[in-house]
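Please work through the following exercises with the sequence and the coordinates at hand. Each task is followed by a stepwise solution.

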Amino acid sequence: RVNLLDYTEDFSSFTALNVTKSLSATPAPDGTITAYSLSKTASSVPYTGLHLTTPLTNVGPHAASIWAKAGSLSFLCLSESHLVDVWAWFDLSNGTVSYSAGCIPTIVLDRGFYRCSLNSVSASATDYFLISVKETAANGNPWGTFDLSSGGDILIWHPQLELGTTATAYQAILTDGSTYPATGFPYYQKYDGTDDGMATASFAAGTLSNAMDCMIAVRRDSAGNAVCGLYESVAE
C-alpha cells in the first residue's frame with residue numbers, strides 16, 4: 001500500500017473547519033464527475049479547510065499531493081505539520097507556488113487541474129495533513145486569521161499521502177484500508193491475518209485437489225529437451 005490516507009475518493013477521513021465539501025458537476029481530470037468543491041463562508045476565522053482526523057503514524061519524509069482547480073477562489077495551501085511550520089501556497093490561476101523552508105513543492109498542470117504536491121524533508125508522528133483554501137496567498141502560517149469578506153470555492157480531487165519525498169501515481173483507498181473491492185484498481189495485497197495472504201499447501205502423491213488454484217515452480221534437472229510454445233515434435 002502506497003497511499004496512507006483512507007476514503008480518498010470522498011475525503012471522509014478529513015474534518016472540515018469553516019468549509020463545506022460537496023460533489024462538483026465539473027469533470028475531474030479523468031472525465032468523471034468525482035471532483036469535490038471545497039467552499040468557505042464569508043467570515044474572519046483562523047482556518048478554512050480540511051485536516052486529517054488522525055495524525056501521521058510514520059516518522060520521516062512524506063509527500064502530500066492533491067489535484068486542484070481554481071473556482072471563485074485561486075489559492076490552495078498544503079501543510080503537513082500540526083505546528084504549520086512546513087507549508088506551500090499554490091496559485092491555481094497562475095500555476096505558481098510560494099513555500100516555507102523544509103519542503104520542496106511542485107505544481108504540474110494535468111488535464112485542466114493542477115497536481116499540487118508538498119514534499120517535506122521531515123515529519124513527526126504528531127503532524128497532520130492540512131488542506132486550506134483562501135482568497136489570497138497567506139504568505140505564511142495557514143492558521144493565521146484573515147479578513148474573508150466573501151465566500152468562494154476551489155475544486156479538489158484524489159488526495160494522497162505517502163512515504164518518501166516524491167509524489168507517485170495515485171492509489172485509491174476507497175474505505176478505511178481494511179478491505180478492497182473485487183474489481184477496479186489493481187490494489188496492492190494487504191494482509192490482515194484473517195481472510196487473505198499467501199498460502200502454502202501440501203498434496204498427497206497421486207491425489208487431485210480443486211481446493212485452490214496453484215502455481216508451482218518446477219526446475220528441470222535432466223539434460224532432456226525443453227520445448228516452449230506450439231510444436232509438432234521435439235525434433236522440430
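**Exercises on a predicted model**

**Exercise 1.** In this predicted model, determine which residues S39 touches, not counting residues up to four places away in sequence.

*Solution.* Begin with the location: S39 belongs to strand β3, which covers residues 36–40. Next, apply the contact cut-off of heavy atoms within 4.5 Å. With residues up to four places away in sequence not counted, S39 touches N18, V19, T20, G152 and D153. Finally, turn to the side chain: that of S39 makes a polar contact with the side chain of S37, at 3.3 Å.

**Exercise 2.** Locate Y7 and R111, and classify the exposure of each residue.

*Solution.* Y7 is placed in the segment before β1 (14–17). Its phi is near 50°, a positive value in a residue other than glycine. Most residues other than glycine have a negative phi. R111 sits in the loop between β9 (103–110) and β10 (113–120), and the phi of R111 is near 55°, also positive in a residue other than glycine. R111 has 52% and so counts as exposed.

**Exercise 3.** Is S79 buried or exposed, and how many Å separate S79 and H51, C-alpha to C-alpha?

*Solution.* S79 lies in strand β6, residues 75–79. The threshold for buried is under 20% relative accessible area; S79 has 1%, so this residue is buried. As for the distance, S79 and H51 are 28 residues apart in sequence and 9.3 Å apart in space, C-alpha to C-alpha.

Note on methods
Residues numbered from 1 in each chain as written. Predicted model: local features only at pLDDT ≥ 70, side-chain atom pairs only at ≥ 80, totals over all residues. Heavy atoms only, no water. Helix = DSSP H or I, 4+ residues; strand = E, 2+ residues; numbered from the N terminus. Polar contact = N/O pair within 3.5 Å; in protein donor to acceptor, adjacent residues only side chain to side chain. Buried < 20%, exposed > 50% of the residue type's maximum accessible area, 1.4 Å probe, protein only.
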